[in-house]
Amino acid sequence: MIDESALKKGQLRKLNALRKSVGPAIADEAFAKWLDRTVEAPETDANAEIVANRLYGLVREGRLSIRRGGYIVRRGRGRVIVEPAGE
């Protein structure tokens, strides 16, 4: 039996969809196999944490504001390029 309270929202939706399509017995077995094969994504990138921590102090001081939609940060020939996201 699958502990549904331990599942994430997307996993629970997948399980319910399987149950509706192939029935509860087969769905539970297939979902358990699928769940065993899935690999958890890494928490965060270490470099992204460093950038976020440095910028957070500036945001709290009011010296930096990040607009809705955010920015894209990338490298370019010896410099850092910051562009608004979505452009």
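Predicted model: local features only at pLDDT ≥ 70, side-chain atom pairs only at ≥ 80, totals over all residues.
User: Where does Ala27 sit?
Analyst: Ala27 is in helix α2, which covers residues 24-37.

User: What does Ala27 touch, leaving out residues up to four places away in sequence?
Analyst: Ala27 touches Leu15, Leu18, Arg19 and Val22.

User: And how far is Ala27 from Arg67?
Analyst: Their C-alpha atoms are separated by 44 Å. Along the chain, Ala27 and Arg67 are 40 residues apart.

User: Switching topic. How many salt bridges does the structure hold?
Analyst: It holds 5.

User: Which residue does Glu4 meet in a salt bridge?
Analyst: Arg19, at 2.7 Å, N to O. Glu4 lies in the segment before α1 and Arg19 in helix α1, so the pair ties together parts 15 residues apart in sequence.

User: How exposed is Glu4?
Analyst: Glu4 is partly exposed, at 32% relative accessible area.

User: What network are Glu4 and Arg19 linked in?
Analyst: A network of salt bridges that also includes Asp28.

User: What about Lys33?
Analyst: The side chain of Lys33 meets that of Glu29 in a salt bridge, 3.5 Å from N to O. Both residues lie in helix α2, 4 residues apart, about one turn of the helix. Glu29 is partly exposed, with 47% relative accessibility.

User: And which partner does Arg63 have?
Analyst: Glu61, in a salt bridge at 3.2 Å, N to O. Arg63 and Glu61 are both exposed.

Terms used
Residues numbered from 1 in each chain as written. Heavy atoms only, no water. Helix = DSSP H or I, 4+ residues; strand = E, 2+ residues; numbered from the N terminus. Contact = heavy atoms within 4.5 Å. Salt bridge = Lys/Arg side-chain N within 4 Å of Asp/Glu carboxyl O. Buried < 20%, exposed > 50% of the residue type's maximum accessible area, 1.4 Å probe, protein only.
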